[in-house]
Amino acid sequence: MHRLLRRPDRALFLALVCAVLLAGAGWRPAAAQVQMAEVTQLQVERTEEGVLLSAAVRFELPQVVDDALAKGIPMYFLAEAAIYRDRWYWTDKRVAFATRHMRLSYQPLTRRWRLQVSSAPIGHSGLVLGQMFDSREEALAAVQRVSGWRIADASAVDPESTHTIDFRFRLDVSQLPRPFQIGAVGQAEWIILAVRNQRLVLDPK
């Protein structure tokens with residue numbers, strides 16, 4: 001698998017690449033804009049339970065995504081975390097990788113929101129247990145906040161070595177119903193992306 005982006009400025013680079021590709025396909029900038037998200041908080045700690053990650057992501061839902069949710073179409077978000085150990089003699093070694101899949105849906109009949117979270121892709125059957133919310137704001141806040149996410153065993157990280165954490169959050173259009181996938185792929189208004197990396201500072205326990 002390809003390594004996640006390693007520098008914060010690469011998020012901007014990726015957005016520019018998307019814009020160039022869309023322009024080459026006849027995309028008109030006035031019609032849509034890439035919705036860049038921002039990782040406002042990223043903290044990692046090593047405990048007896050494992051390596052735990054907490055993060056906060058800030059973004060606004062594009063109108064097309066908001067409209068689809070209001071019609072009962074679920075949206076899928078994906079968070080990825082990778083830990084790399086520095087190696088001066090070779091490329092850095094990835095010592096941990098974890099994914100967090102989120103399925104956000106609105107139930108028009110009950111006017112309630114449901115958020116399901118899983119370490120594996122969530123199927124359309126919706127068998128994964130979820131949390132219910134009374135408002136869109138509460139549900140979206142839960143999507144944007146990660147607390148105590150276990151991304152690795154404690155033994156995966158050597159406190160005596162230097163490590164870097166790469167964190168990425170995005171709207172996962174690959175899990176949308178087929179008609180929406182066809183319309184969403186390559187369209188800027190369906191892109192929500194946040195990337196951040198930083199050095200790990202861990203207490204030797």
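Which residue follows α2, and is its phi positive or negative?

A: The model is predicted, so local features need pLDDT of at least 70 and side-chain atom pairs pLDDT 80 or more, while totals for chains, interfaces and linings use all residues. Numbering starts from 1 along each chain as its sequence is written, and side-chain values use heavy atoms, without hydrogens or water.

G72 follows α2, and its phi is positive, near 95°. Helices (H or I, at least four residues) and strands (E, at least two) are DSSP runs numbered from the N terminus. Helix α2 covers residues 63-70, and its buried residues (under 20% relative accessible area, 1.4 Å probe, protein chains only) are V65, D66, A68 and L69. Viewed down the axis of α2, these buried residues lie within an arc of 165°, so they line one face of the helix; the arc is taken from the directions from the helix axis to the C-beta atoms.

Next, the sheet. Three strands form an open sheet in the order β2-β3-β8, with antiparallel pairing; two strands pair if DSSP finds at least two bridges between them. The edges are β2 (38-47) and β8 (145-152), each with a single partner strand, so one side of each has no neighbour in the sheet. From one strand to the next, the twist averages 20°, an angle between N-to-C directions of axes fitted to C-alpha atoms, on a scale from 0 to 180 degrees. Strand β3 (residues 50-58) pairs with β8 over 5 bridges in the antiparallel sense, and L53 stands opposite W149 in β8.

Note on methods:
Buried < 20%, exposed > 50% of the residue type's maximum accessible area, 1.4 Å probe, protein only.
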